[in-house]
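Here is a short report on one chain, starting from a single residue and widening to the whole. Please look at the sequence and the model first.

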Amino acid sequence: QVQLVESGGGSVQAGGSLRLSCGASGATYRNVFMAWFRQATGKEREGVAAIDRSGRIFYSESVKGRFTISEDNAKNTLFLQMNSLKPEDTGMYYCAADPRDLAVLLRLGLVPRTLNYWGQGTQVTVSS
């Protein structure tokens, strides 16, 4: 089993920044697919950013240029630096991980139900 714990959420004004962290225990983050998702009240969970087993990075169009995903494999930690935050960025942010290759995950469908491991989430609230 892999345990994921997110931290770093909070309340900020529009234009502000937050840095989210996801600490892993029970296994390392090396050679696994890792991603950040978010879910606004009343909406479905959506992908925000991801790093696959080959080190390729992906961002949703809504956060591209504002968010940066990174990892510290030695510390088993995933980060999400969020800049120029907007009210529409408000939501619960979740860290997810899966040991399978991206090609496999894509065949199965890169949706939340496919990924094996999830954290409890950390709330991000952006006010105008």
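## Where D52 sits

This is a predicted model. D52 lies in a loop that joins β5 (46–51) to β6 (57–59). The residue has a relative accessible area of 4%. That is under the 20% cut-off, so D52 counts as buried.

## What D52 touches

The side chain of D52 has two polar partners to look at. One is the backbone nitrogen of S54, reached at 2.9 Å. Another is the side chain of R56, with a polar contact at 2.7 Å.

Beyond its neighbours within four places in sequence, D52 is in contact with V32, F33, F58 and L102. A24 gives a further distance: 28 residues from D52 in sequence, and 16 Å away in space, C-alpha to C-alpha.

## The chain as a whole

The chain has eleven strands and one helix. Read from the N terminus, the order is β-β-β-β-β-β-β-β-β-α-β-β. Of the contacts with a separation of 6 or more, 58% link residues 24 or more positions apart.

The C-alpha atoms fill a box of roughly 40 × 30 × 25 Å along the principal axes. A compact globule of 128 residues would have a radius of gyration near 14 Å, and the chain agrees because its value is 14 Å.

## Burial, surface and charge

Of the 128 residues, 41% are buried. The accessible surface of the chain is about 6,600 Å². Carbon and sulfur atoms hold 48% of that surface.

The side chains include 14 positive and 11 negative ones. The centres of these two sets lie 2 Å apart.

Methods. Residues numbered from 1 in each chain as written. Predicted model: local features only at pLDDT ≥ 70, side-chain atom pairs only at ≥ 80, totals over all residues. Heavy atoms only, no water. Helix = DSSP H or I, 4+ residues; strand = E, 2+ residues; numbered from the N terminus. Buried < 20%, exposed > 50% of the residue type's maximum accessible area, 1.4 Å probe, protein only. Contact = heavy atoms within 4.5 Å. Polar contact = N/O pair within 3.5 Å; in protein donor to acceptor, adjacent residues only side chain to side chain. Rg over C-alpha atoms; globule rule 2.2 N^0.38 Å. Areas by Shrake-Rupley, 256 points an atom, 1.4 Å probe, with all protein chains shown as cover. Lys, Arg positive; Asp, Glu negative; His and termini not counted. Charge placed at Lys NZ, Arg CZ, Asp CG, Glu CD.
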